[in-house]
Amino acid sequence: MTSTQKVVFLTGRIVNLRPLQKSDIPALTRWINDPDVREFVTNSFPQTEKREESWYEKLGSDEKNIVMGIETKDGVLIGTMGIHNVNWIDRTGTTGALIGEKEYWNRGFGTDAKMVLLEYAFDTLNLRKICSDVISYNKRSLHYSLHCGYRIEGKRRKHVWRNGKFCDIIQLALFKEDWLPIWKKYRKTGKVR
Ligand SMILES: CC(C)(COP(=O)(O)OP(=O)(O)OC[C@H]1O[C@@H](n2cnc3c(N)ncnc32)[C@H](O)[C@@H]1OP(=O)(O)O)[C@@H](O)C(=O)NCCC(=O)NCCS
C-alpha cells in the first residue's frame, strides 16, 4: 500500500488514528501478552490470536467501544487508543490506551493520540465527560492524563491484584471546558503546558 492509499481517521501532529484491520491482529496479540505492557492494563490471562480476532470482529459494529490504531506518520502501527463504555444518554465514555511498541514510550506519541481522540470525543461524538482508570503504580499514564487535562476524582482502594498485592485504581475524568485551553495551546505550540 502506498502512502496515498493509507486509511486515516484522525490526524494528529505526529500520529494518525485509523480503524484497525485484520492484519493488525498479530501485533495486538504480541502487545497484550507482553509482560511489560500487560502489567498496566486489565489482562491477567494469555490472549490467543483467535480471541483478539473475535474482539476485533465485534468492534466494527460496536458503538459503545470505539478503538483505533495509532500509527506514526511513517505508517508504523505502535498501539491502540479508544473510548469505551460510551453512554449516549449521560454522554460519558472511558478512554483506554496501549502503546505496544515500547521504544515509542515517553516520546509524546500517547499525548498526541490522546489530544486528537479527545477532540473527536467532544466535538464529533458530543460527549460531555471522559473518564480514565489508572493503576496507582502507572506513573507515566497518570502523568500524561493529568497533562492532557484530566483531574483525579477518586480512588478505588486495593481494587486490583497485581504483582502479589492489591493496588489502588485512580479514577480520573475530564470535561470539555478543562480540556479546551490545553487543546488550543497544543494546536498552536505542540505542547500541553
Ligand atoms: C500510557 C501511554 C499510553 C502513554 O503514552 P506515551 O507516548 O508513553 O506518553 P507521552 O510520552 O505522551 O507522555 C508521558 C509523560 O509521562 C512522563 N513520565 C514517564 N514516566 C514517568 C514516571 N515514572 N513518573 C512520572 N512521569 C512519567 C513523561 O515524562 C511524559 O511527560 P512529559 O511530556 O511532561 O515529559 C503509553 O506509555 C502506554 O501505552 N504504556 C503501556 C500501557 C499503559 O500504561 N496503558 C495505559 C493504561 S491506563
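1. A residue counts as buried when its relative accessible area is under 20%. In this predicted model, Thr80 has a relative accessible area of 12% and is therefore buried. Thr80 belongs to strand E4, which covers residues 77-87. Leaving aside residues up to four places away in sequence, Thr80 touches Leu20, Leu28, Trp31, Val67, Met68, Gly69, Ile70, Gly96, Ala97 and Leu98.

2. Strand E1 is joined to E2 (residues 15-19) by 2 bridges, and the two run antiparallel. Within this pair, Leu10 has Leu17 of E2 as its bridge partner.

3. Trp161 stands opposite Phe166 in E8. The hairpin of E7 and E8 has 2 residues between the strands, and Asn163 takes a positive phi near 50 degrees there.

4. Which residues of helix H5 are buried? In H5 (residues 139-147) they are Ser141, Leu142, Tyr144, Ser145 and His147. An α-helix has 3.6 residues a turn, so residues three or four places apart point the same way. The buried residues of H5 pack against strands E4, E5 (92-99), E6 (129-135) and E8, and against helices H4 (109-124) and H6 (176-189). After H5 comes Gly149, with a positive phi near 115 degrees.

5. The second largest pocket holds about 290 Å³ of space. Its lining has 14 residues, and those closest to the pocket centre are Pro19, Leu59, Gly60, Ile66 and Val67. Helix H3 (49-59) and strand E3 (66-72) each supply at least two lining residues. Strand E3 gives the largest share, 3 residues. By type, the lining of this pocket divides into 9 nonpolar, 3 polar and 2 charged residues. Val67, one of the residues closest to the pocket centre, is also among the residues that Thr80 touches.

Methods: Residues numbered from 1 in each chain as written. Predicted model: local features only at pLDDT ≥ 70, side-chain atom pairs only at ≥ 80, totals over all residues. Heavy atoms only, no water. Pairing = 2+ DSSP bridges. Helix = DSSP H or I, 4+ residues; strand = E, 2+ residues; numbered from the N terminus. 1 Å grid on protein atoms, 1.4 Å probe; cavity = no way out; pocket = protein on both sides within 12 Å on 5 of 7 lines; lining within 4 Å. Points joined across faces, edges and corners; volume = space filled by probe spheres on them. Nonpolar A, V, L, I, M, F, W, Y, C, P; charged D, E, K, R; others polar. Buried < 20%, exposed > 50% of the residue type's maximum accessible area, 1.4 Å probe, protein only. Contact = heavy atoms within 4.5 Å.
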